[in-house]
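Good morning, colleagues. Please look at the sequence and the structure as I bring them up, and I will then take you through two of their features.

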Amino acid sequence: MSQVLVFFVQYEALLYFLLGVGGIIYLYRFWMAWQDLRLSVYGLEREASRSRVNQSAVVLFFLLLSAILVFVMVTFVATTLPAQSMLATPTLDLSIQTPEQLLTMTAPAGNEVISLATATALPTVVINPANCLPNQLFISAPQNGEALEGAVEIRGTVQVDDFGFYKLEWARLDAELWTTIQAGRSEVTEDVLVESWDTSRIPPGNYALQLVAVDIDGNELPPCRISIQIEATSGE
């Protein structure tokens, strides 16, 4: 179901365009058939015109229902699902191995060589302040390097061309494995992105917070990232 909703969200504008073009074409056909019906004199001619009127009316009705379906799916149904269900699920490619990642040994009872794959460390998070643009993609609160505890409000700006949706994510600085906090489908100008992020559920340490904008084609723009420090909640 979520894949269907992602399709509707990503191609909403294209679907409306195609339905609009179809509506114009069949509205014109309906009008012409209606004029022919009014001017028809003979029975067979009137029957043929009436058939064209009915066919055009059925197609117009179907196109209207389709437009209503797209509107309901995007505006109401999609917003009721968790933000994670609207995002692509990251996968790890386990098929790529280097010689350094393999250990070989000879079995005692024969010449069979056994290969043991070793774990590969995740890359560290790279923070590039140049990707944070105040009027386009920017996290204004919390600030870079700020220490956080408990419930935190996240504010910022998302104003990019061909906007599709945005998402806020966090990861440890020493392991680039992102976890989604929240996603949104409306552009924001220096306002609340997340009303309350509960950092008490995250172990204390050094983390990165990133704001990612995704365009209508599903392409992620360079993320705005800041470093933060999560502290233990007072009293714990």
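This is a predicted model: local features need pLDDT of at least 70, side-chain atom pairs count only at pLDDT 80 or more; totals for chains, interfaces and linings use all residues.

Which helix gives the patch its largest share? That is helix 2, residues 12-39, with five residues.

I turn now to the cysteines. In general terms, a disulfide is a covalent bond between the sulfur atoms of two cysteines. How many disulfides does the model contain? The count comes to one. The partners are Cys132 and Cys224, with a sulfur-to-sulfur distance of 2.1 Å. This pair connects distant parts of the chain, 92 residues apart. Cys132 lies in the loop between strand 2 (113-117) and strand 3 (137-141), while Cys224 belongs to strand 10, residues 224-230. As for its geometry, the link between Cys132 and Cys224 is right-handed, with 100° about the S-S bond.

Are these two cysteines buried or exposed? The cut-off for buried is under 20% relative accessible area. Cys132 has a value of 13% and is therefore buried. Cys224, at 0% relative accessibility, likewise counts as buried.

Thank you for your attention.

Methods
Residues are numbered from 1 along each chain as its sequence is written. Side-chain values use heavy atoms; hydrogens and water are left out. A disulfide is a pair of cysteine sulfur atoms within 2.5 Å. Helices (H or I, at least four residues) and strands (E, at least two) are DSSP runs, numbered from the N terminus. Buried means under 20% relative accessible area, exposed over 50%, partly exposed in between (1.4 Å probe, protein chains only).
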